[in-house]
Amino acid sequence: MLTNTLKKTALALAAGVAVLAAPVAAMAAWEPTKPVTFIIPAGTGGGADQMARFIQGVIQKNNLMEKPVVVLNKGGGAGAEGFLEMKSSARDPHKIIITLSNLFTTPLGTGTPFSYKDMRPVAMLALDQFILWTNVEKNYADAKAYIDAVKAAPDRQFKMGGTGSKQEDQIITAAIEKQLGDKHFTYLPFDGGGKVAVQLVGGHVDSSVNNPIEAVAQWRGKQLKPLCIFDAKRSTYTDKVTDDMAWSDIPTCHEAGLDVEYQMLRGIFTTSGATDEQVAFYVDLFKKVMATEDWKEFMKKGAFNQTFMTGPEFDKWLAATEAKHKELMQGAGFLAASQ
Amino acid sequence: MSDITEPRKDDDEPALVSHRTADIVVACLFLVASAIVIKDATRLGFSWRPNEGPAPGYFPFYIAVVMAISSAINLARAVISKAEADETLTTKTGVLRMSAIFVPALIYVFATSYIGIYVASAIYIAAFMYFFGKFPIWKSLAVALGISGVSFVMFEIWFLVPLPKGPIEAAFGF
Amino acid sequence: MLMVLGIVLGVVIGVLPGLGGANGVAILLPLTFSMDPTSAIIMLTSIYWGALFGGAITSILFNIPGEPWSVATTFDGHPMAQRGKADEALVGAFTSSFVGAIFAVILITFLAPVIAKFALRFGPAEFFAVQFLTFASFLGMGRGSAFKTLASMCLGFALASVGLDGVTGTLRLTFGYDELLNGFKFLVAVIGLFGIGEILSSMEEGLSFRGAAAKLKMDAVIRTWRQLPKMGFTFLRSCIVGAWMGITPGGATPASFMGYGLAKRFSKNGRNFGKGELEGVVAPETAAHAAGTAAMLPMLTLGIPGSPTAAVLLGGLLIWGLQPGPLLFVEQKEFVWGLIASMYMGNLVGLVIVLTCVPLFAAILRVPFSIVAPAIVVVCAIGAYTVNNSMFDVWMMLVFGVMGYFFTKLGYPLPPLVLALVLGDQAESSFRQAMLSSQGDVTIFWHNWLSGSIMTLGVILALWPLVSMLFNKKGDDAARAAA
């Protein structure tokens with residue numbers, strides 16, 4: 001099989017990179033002395049879980065680290081469990097965590113005593129996109145047509161499906177509602193992105209704001225239709241995904257007259273007590289992961305916005321994003337009653 | 001290879017707790033649980049909201065109410081019952097035997113937080129076999145270390161599932 | 001070869017509570033990236049089959065369900081072991097698992113596209129209808145006092161509601177304790193209630209397992225198989241229930257409960273259920289396996305996993321460059337048929353492996369109790385810990401153990417509690433999702449023929465005990481007719 005040969009070549013290449021990188025790693029002052037625990041503040045099977053397990057696979061396959069990586073799901077309380085674990089083990093640098101938007105939304109929405117400042121940022125790996133999807137059978141020509149239909153219908157007639165409550169999907173929904181004047185969606189929370197996409201195919205909801213990777217199969221299967229992407233620019237992936245469209249062919253929501261922008265952080269943090277050397281090790285590790293062919297393939301499949309950030313730049317981004325979430329959630333009335 | 005005690009004979013031992021007392025206590029605990037749930041449900045609100053359906057406290061509230069009512073009935077039945085009053089729930093020997101495994105289990109769980117699950121398990125199994133199973137000490141130790149060892153290899157090395165570990169494992173670099 | 005390895009691993013994983021199929025597959029997933037997708041998925045699904053088989057073993061022998069879907073197996077499986085029929089229970093469990101799985105595979109082979117379309121019809125209202133039906137099929141089967149059953153079930157619901165409310169994102173019943181954020185996990189409660197509770201009762205009776213002295217006879221397989229043809233209807237019913245629950249996707253755990261509940265209701269031996277009836281092992285196991293297998297179908301065709309394990313497999317598919325979804329059957333024919341073939345083979349090989357091991361498993365019962373007892377406590381503790389990686393759960397397990405002991409002694413039935421705990425929050429959130437989408441209109445449950453007919457069936461089943469009670473008063477003959 002062709003893909004197989006390709007994969008093997010990629011493997012060999014990656015191994016080469018690893019060998020070249022080895023002396024550099026040896027020079028770094030710190031290396032893990034025991035297995036590194038990789039916490040996922042979400043359940044098995046979701047977007048963050050897929051990515052974390054994928055990273056684990058890449059690290060193991062290419063021998064990027066001497067000690068193994070152990071993946072742990074701690075998704076209780078909308079991820080609060082995982083974050084609190086990081087907070088409480090501040091002195092153990094053998095713990096890293098992958099984040100999603102619940103890094104900001106969970107403390108704000110549930111009042112859990114936690115902030116991203118309780119951890120040390122390592123790097124932003126990518127930004128996950130959100131796309132407005134509808135069922136193909138409903139035949140909306142573009143985002144504008146859909147929005148007009150929502151505006152024309154009675155209040156709460158249209159149903160928006162999303163993952164979880166008071167989290168990213170509902171925040172986007174609230175932001176769209178702001179543009180609708182006095183019309184609202186009925187927001188239906190489900191417990192996973194895949195489920196939302198299927199409910200949309202089954203016609204139980206009218207639209208969703210699924211991540212690309214969650215709905216790509218149904219798009220290719222001509223069941224769902226992407227209307228617009230919640231980003232400032234169109235996607236940069238130009239390979240055809242369906243017969244006639246690529247990710248880059250999806251217009252931005254600005255183009256469609258819907259002034260909403262939202263992306264989700266896929267980043268890595270370690271514990272707050274970690275030293276500069278330890279952070280440097282992880283930054284280096286993830287640079288190596290991102291250099292692999294496997295990673296590039298994964299990014300393409302999920303139409304991720306590839307933005308790598310680390311150090312002060314990342315800190316600044318985090319502060320700005322937290323402020324933005326606070327504002328959005330306050331506007332929508334999602335903040336937890338002060339506890 | 002012999003058990004230390006013979007199966008119990010019901011008739012010749014004094015009752016420690018009667019069926020009725022236990023029934024009353026458990027029913028009261030149920031009532032307490034219902035009270036706790038109702039308290040939190042009132043905080044959350046248990047109304048039927050327009051456009052939304054039930055509020056977060058709706059189900060817990062009514063569930064707790066049903067639980068309270070049925071426990072109250074259970075309590076009343078237990079209090080007035082005479083037939084069950086004489087029945088023995090457990091005897092002194094029974095409680096002793098149960099504590100033989102339960103009290104060490106408590107200590108075991110407590111110890112796990114400090115010395116790790118593998119060492120604690122080994123000590124727990126060995127001690128139980130030695131004191132209650134009357135096994136020779138070498139046999140107890142062999143079985144205990146064997147079980148701990150096998151689970152260590154299985155969880156930490158094969159399946160990479162981290163379990164609580166203490167200073168001894170840390171000394172070996174885990 | 002991979003298949004045998006996978007199944008053996010799966011059985012080990014299934015036996016150890018806490019180390020579920022999802023864990024097993026997740027952990028081994030990275031190791032398979034270097035294989036080609038077809039053999040990788042064969043290996044991983046084999047682990048899945050193995051775990052399905054393995055879950056029954058500890059349920060029967062020690063009353064500790066190794067996996068959530070083997071809880072219903074303990075109801076009759078463990079009493080059978082106590083009566084010295086552990087070998088028959090094991091053979092019955094394995095055989096019925098096999099039958100259930102094969103039924104589901106045949107369904108997948110011939111009807112995949114049709115079934116996938118059917119699964120799409122399930123929205124929140126339909127999900128609630130199915131969950132309601134599960135409860136209804138289980139109602140009124142308690143042996144104890146009706147009010148104790150009610151109290152026990154409500155406690156299950158109350159425990160299920162602890163933690164984050166999925167619909168509004170508010171915390172319930174946590175009172176500011178971080179440990180409670182995650183709620184009470186089903187498996188922790190079950191390990192405590194059944195496993196630790198059982199150890200306590202056994203200790204009280206003296207240091208021995210009841211039924212441990214039973215002699216092993218090598219003809220267990222033949223002896224059991226001879227009894228099975230009589231249960232044709234139970235098999236068929238559980239197969240249908242299981243396959244249906246797997247596809248919708250309701251999951252293997254509710255399926256096993258429903259299979260058990262229905263069998264108890266409609267079987268001639270229903271009255272003896274809970275005392276160690278082979279049919280009470282056959283019914284849940286068949287349903288669980290049919291569901292577990294059928295759960296693969298929505299995963300492949302729709303990309304929605306029917307179980308946590310399927311969710312992890314889904315991640316695997318993505319990494320191998322296979323996109324699950326409507327096109328998988330068109331674009332990756334080779335892979336899909338390879339997988340389906342492996343389902344037939346995997347189950348057959350699995351059956352042979354576990355059947356040959358029956359004497360081995362049953363022999364565990366002859367290990368002196370003073371070794372087994374602490375070892376079980378250790379295994380339970382590990383199991384409870386791995387559910388959430390938290391020591392708090394281990395403490396909770398001990399609390400549940402004491403609770404299990406008292407409840408059993410005082411005639412509070414455990415099955416309703418456990419069922420409410422596993423289905424409670426799901427049922428609540430589908431109900432509220434349905435309410436949100438209908439804006440508070442309860443008639444949504446009868447808005448189409450699908451959810452309407454399921455709901456109606458549920459109501460009939462829920463009222464059945466009342467009806468048969470009325471008949472009971474008129475005399476035994478009438479009762480027999482009603483049953």
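Axes are taken as lines fitted to C-alpha atoms, for helices over the stretch in contact, and angles between N-to-C directions run from 0 to 180 degrees. On this basis, in the predicted model, helix H2 (residues 58–80) of chain B packs against helix H7 (residues 146–160) of chain C at an angle of about 145°, the two axes lying 8 Å apart. The crossing of H2(B) and H7(C) is left-handed. On the side of H2(B), the contact is made by Ile63(B), Val66(B), Met67(B), Ser70(B), Ser71(B), Ile73(B), Asn74(B) and Arg77(B). H7(C) contributes Phe147(C), Lys148(C), Leu150(C), Ala151(C), Cys154(C), Leu155(C), Phe157(C) and Ala158(C). By residue class, the contact of H2(B) with H7(C) comprises 11 nonpolar, 3 polar and 2 charged residues.

When neighbours within four places in sequence are left aside, Asp40(B) is in contact with Arg172(C), Leu173(C) and Phe175(C).

Chain C itself contains 21 helices and 2 strands. Of its 483 residues, 69% are buried. Among the contacts in chain C with a separation of 6 or more, 77% are accounted for by residues 24 or more positions apart.

The largest nonpolar core holds 285 residues, of which Phe230(A), Trp247(A), Phe94(C) and Met397(C) touch the most other members. The element that gives the most to this core is helix H5 (residues 86–120) of chain C, with 15 residues. Beyond its neighbours within four places in sequence, Phe230(A) is in contact with Phe130(A), Ile131(A), Leu132(A), Ile172(A), Ile176(A), Val209(A), Cys253(A), Leu258(A), Val260(A), Glu261(A), Tyr262(A) and Gln263(A). Another core, of 21 residues, lies apart from the largest one and includes Leu265(A), Phe269(A), Met309(A) and Leu181(C).

Two open sheets of chain A were examined. In one, 6 strands follow the order E2-E1-E3-E10-E4-E11 with mixed pairing. Strand E2 (69–73) and strand E11 (309–310) of chain A stand at the edges with a single partner strand each, so one side of each is left without a neighbour in the sheet. Strand E3 (residues 95–99) and strand E10 (residues 264–271) of chain A run antiparallel and are joined by 4 bridges. Across this pair, Ile97(A) stands opposite Phe269(A) in E10(A). Helix H3 (residues 80–88) of chain A packs on the sheet, where it touches strand E1 (36–40), E3, strand E4 (119–128) and E10 of chain A. The direction of H3(A) makes about 145° with that of E3(A).

The other open sheet consists of 5 strands in the order E7-E6-E8-E5-E9 (chain A), again with mixed pairing. Its edges are formed by strand E7 (186–190) and strand E9 (224–229) of chain A; each has a single partner strand, so one side of each is left without a neighbour in the sheet. Strand E5 (residues 131–135) of chain A pairs with E9(A) in the antiparallel sense over 5 bridges, and Thr134(A) stands opposite Lys225(A) in E9(A). Helix H5 (residues 143–152) of chain A packs on the sheet by touching E5, strand E8 (207–208) and E9 of chain A, and its direction makes about 95° with that of E9(A). Helix H6 (residues 168–178) of chain A also packs on the sheet, touching strand E6 (159–163) and E7 of chain A, with its direction at about 150° to that of E6(A).

Terms used. Residues are numbered from 1 along each chain as its sequence is written. Chains are lettered from A and ligands numbered from 1 in the order in which they are written. This is a predicted model: local features need pLDDT of at least 70, side-chain atom pairs count only at pLDDT 80 or more; totals for chains, interfaces and linings use all residues. Side-chain values use heavy atoms; hydrogens and water are left out. A crossing is left-handed if the near helix is turned anticlockwise from the far one by less than a right angle, and right-handed if clockwise. Contact means heavy atoms within 4.5 Å. Ala, Val, Leu, Ile, Met, Phe, Trp, Tyr, Cys and Pro count as nonpolar, Asp, Glu, Lys and Arg as charged, and the others, Gly among them, as polar. A nonpolar core is a set of buried Ala, Val, Leu, Ile, Met, Phe, Trp, Tyr and Cys residues joined through side-chain atoms within 4.5 Å. Buried means under 20% relative accessible area, exposed over 50%, partly exposed in between (1.4 Å probe, protein chains only). Two strands pair if DSSP finds at least two bridges between them.
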